[in-house]
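Dear colleague,

Please find below the structure that I am handing over to you, with its sequence.

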Amino acid sequence: MGSSHIPVPVRPLHVEIDGMGRYRQAYSVEDLAALLLGDGWPRADKTSHFHRAVATSLDAMELYLDPEIARAAFVNAAHAAGMHVLPDDMAEMKKAG
């Protein structure tokens, strides 16, 4: 990626990646990929959901795929790893609270 690269935006989300109640934000497909590939993602939870999220993020960064597909794959991977994603999980969290 050169210096002229423009981030591919997604609907903003907050993922509970650093432990209960500790969220990180993502505003672009690049942010999603950084969260997936960073140190915060649980090593034990690198399942098929995780690999699908990485692959769709890379495809969306190259503009081969709709960024919302990458976002949905990220949310599925986060859920499979036991993480909450806001605003996606707001209704569920309100019911539990």
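Two strands are said to pair if DSSP finds at least two bridges between them. Helices (H or I, at least four residues) and strands (E, at least two) are DSSP runs, numbered from the N terminus. Please note that this is a predicted model, in which local features need pLDDT of at least 70 and side-chain atom pairs count only at pLDDT 80 or more, while totals for chains, interfaces and linings use all residues. Residues are numbered from 1 along each chain as its sequence is written, and side-chain values use heavy atoms, with hydrogens and water left out.

The sheet

Strand E1 (residues 9-15) pairs with E2 in the antiparallel sense, over four bridges. Within this pairing, Val-15 has Arg-24 of E2 as its bridge partner. The sheet as a whole is open and has three strands, in the order E2-E1-E3, with antiparallel pairing. Strands E2 (24-28) and E3 (85-86) are at the edges with a single partner strand each, so one side of each has no neighbour in the sheet.

Helices across the sheet

Axes are lines fitted to C-alpha atoms, for helices over the stretch in contact, and angles run from 0 to 180 degrees between N-to-C directions. Contact means heavy atoms within 4.5 Å. Helix H1 (residues 29-37) lies across E1 and E2 and runs at about 140° to E2. Helix H3 (residues 67-80) lies across E1 and E3, at about 15° to E1.

Helix against helix

The axes of H1 and H2 come within 9 Å and cross at roughly 150°. That makes H1 roughly antiparallel to H2, a term used for angles over 145 degrees. The crossing of H1 and H2 is left-handed, meaning that the near helix is turned anticlockwise from the far one by less than a right angle. The contact involves residues of H1 including Leu-32, Ala-33 and Leu-36, and residues of H2 including Phe-50, Ala-53 and Val-54. By type, the residues of the contact of H1 with H2 are ten nonpolar, one polar and one charged. Here Ala, Val, Leu, Ile, Met, Phe, Trp, Tyr, Cys and Pro count as nonpolar, Asp, Glu, Lys and Arg as charged, and the others, Gly among them, as polar.

For helix H2 (residues 48-61) and H3, the axes come within 8 Å and cross at roughly 160°. H2 and H3 are therefore roughly antiparallel to each other, and their crossing is left-handed. Among the residues in this contact are His-49, Phe-50 and Ala-53 of H2, and Ile-69, Ala-73 and Phe-74 of H3. The contact of H2 with H3 divides into ten nonpolar, four polar and one charged residues.

Individual residues

Most residues other than glycine have a negative phi, and most peptide bonds are trans. Leu-63, although not a glycine, has a positive phi of about 65°. Leu-63 is placed in the loop between H2 and H3 and counts as exposed, at 67% relative accessibility. The peptide bond from Leu-86 to Pro-87 is cis, with omega near 10°; Pro-87 lies in the loop between E3 and helix H4 (90-96).

With kind regards

How values were computed:
Parallel < 35°, antiparallel > 145°, perpendicular 65-115°, else oblique. Buried < 20%, exposed > 50% of the residue type's maximum accessible area, 1.4 Å probe, protein only.
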